[in-house]
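Here is a short note for a colleague who is meeting this structure for the first time. Please keep the model open while you read.

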Amino acid sequence: MTIAFVFPGQGAQTIGMGKALAEAYPVAKAVFDEVDAALGEALSQLIWEGDIDTLTLTQNAQPALMATSLAAMRALEAEGVSIDKAAFVAGHSLGEYSALAAAGAISVADTARLLRTRGQAMQSAVPVGEGAMAAILGLDLEAVRAVAEEAAQGEVCQAANDNDPTQVVVSGAKAAVERAAEIAKEKGAKRAVMLPVSAPFHCALMQPAADVMAEALADVAITSPAVPLIANVRADAVTDPDEIRKLLVEQVTGSVRWRESVQSMAAKGVTEFWEIGAGKALSGMIRKIDRNLTSRQVGTAEDVAAITAG
């Protein structure tokens, strides 16, 4: 059995996530303390006792989800399960930063600050209400690309997240994405769902945010991860720090090639995926990508206990 550790992206956030881990494991609590110190605010209090709408703000959700993932990773390590249990790490969008922190390529404090900057930059890149995203269900990537091209009509409209064989997300100008949703249904999509997001992520409209991240990443120490990262925009392994830096910038405007990333890991021998952190969205995608793959969640003290119990 070959294992990959995968880290969730935005949308997995819930009030209270990671609290029981922090109470059960001092090393998990230390992660939240480190993130609070790095940001100069009590983000942990928002995560555990705050308002879900405030937590869901991109600038809060991104470092919060990373902190929860890293707390789960530290709990695993306290029970003797180290990062080299995994053959690869990967993450969905912001989860790529969690994966790199877990693999020791970027410090937790630097990762928290980068994700705060990333969240703010992505939010401010496009005025609220001018962009949108929609999940197209029941059409494959090539079909959705054709839909997006037809819908663009001179505006930005792109396939942003290739999540699994049944779900591709489009992103871009609001009117173009709305057109894409209608065209997709005409082309046989089962559903086209406008997503409750605050900005059109992973499309060309995010270029201002990519410029901000290029500057931010230039000043951060990045080392080779302890295990290879399967990068979102390449769907293949990378270990070189300069290449990682470049791909993290490209990721802001580039597509999240999650389906291909999972297939790449499977082709390299991975048979089991551990979803480290909040929720189980990635596990659901993985099952749809390849029924022969297994997955398990590691987001609570009970999950950690179940793994270490064998």
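Predicted model: local features only at pLDDT ≥ 70, side-chain atom pairs only at ≥ 80, totals over all residues.

1. Residues are numbered from 1 along each chain as its sequence is written, and side-chain values use heavy atoms, with hydrogens and water left out.

2. Let us begin with the largest pocket, which holds about 710 Å³ of space. Here a pocket is an open set of points on a 1 Å grid over the protein atoms alone, where a 1.4 Å probe fits, with protein on both sides within 12 Å along at least five of seven lines; lining residues have an atom within 4 Å of a point. Volume is the space filled by probe spheres set on the points, with grid points joined across faces, edges and corners. The lining has 31 residues, and Gln10, Gly11, Asn161, Leu195 and Val197 lie nearest the centre of the pocket.

3. Which elements supply that lining? The largest share, three residues, comes from H13. By class, the lining has 15 nonpolar, 14 polar and two charged residues, where Ala, Val, Leu, Ile, Met, Phe, Trp, Tyr, Cys and Pro count as nonpolar, Asp, Glu, Lys and Arg as charged, and the others, Gly among them, as polar.

4. The second largest pocket has about 150 Å³ of space. Its lining is made of 15 residues, with Met17, Gly18, Ala278, Gly299 and Thr300 closest to the centre. Helix H1 (residues 19–24) gives the largest share of this lining, three residues. Five of the lining residues are nonpolar, eight polar and two charged.

5. Now for the interior. A nonpolar core is a set of buried Ala, Val, Leu, Ile, Met, Phe, Trp, Tyr and Cys residues joined through side-chain atoms within 4.5 Å; buried means under 20% relative accessible area, exposed over 50%, and partly exposed in between (1.4 Å probe, protein chains only). The largest core has 83 residues, and Phe5, Leu76, Val89, Met206, Trp274 and Ile276 have the most contacts inside it. H5 gives the most to this core, 10 residues. A second, separate core has 23 residues, among them Ala134, Val147, Ala151 and Ala189.

6. What does valine 89 contact, leaving aside its neighbours within four places in sequence? Contact means heavy atoms within 4.5 Å, and the partners of valine 89 include Phe5, Phe7, Ala99, Val227 and Ile230.

7. Salt bridges come next (a side-chain nitrogen of Lys or Arg within 4 Å of a carboxyl oxygen of Asp or Glu). The count comes to 15. Arginine 179 pairs with glutamate 155, their closest N and O atoms being 2.8 Å apart. Arginine 179 lies in helix H9 and glutamate 155 in the loop between H8 and S4, so this pair ties together parts 24 residues apart in sequence. Arginine 179 is partly exposed at 24% relative accessibility, and glutamate 155 is partly exposed at 35%.

8. Another salt bridge joins glutamate 150 and lysine 187, with 3.6 Å between the closest N and O atoms. Glutamate 150 is partly exposed at 42%, whereas lysine 187 counts as exposed at 51%. Arginine 257 and glutamate 260 also meet in a salt bridge, at 2.9 Å from N to O. Shared partners join Arg234, Glu243, Lys246 and Glu250 into one network of salt bridges.

9. Helix H6 (residues 95–102) deserves a look. Eight of its eight residues are buried, so the helix is largely enclosed by the rest of the structure. Glu96 and Tyr97 are among the buried residues. Just after H6, glycine 104 takes a positive phi of about 80°.

10. Finally, please find valine 108 in helix H7. Valine 108 is buried, with a relative accessible area of 6%. Valine 35 is 73 residues away from valine 108 in sequence, yet their C-alpha atoms are 7.0 Å apart. Not counting residues up to four places away in sequence, valine 108 touches Val31, Glu34, Val35, Met66, Leu70 and Arg74.

Methods. Helix = DSSP H or I, 4+ residues; strand = E, 2+ residues; numbered from the N terminus.
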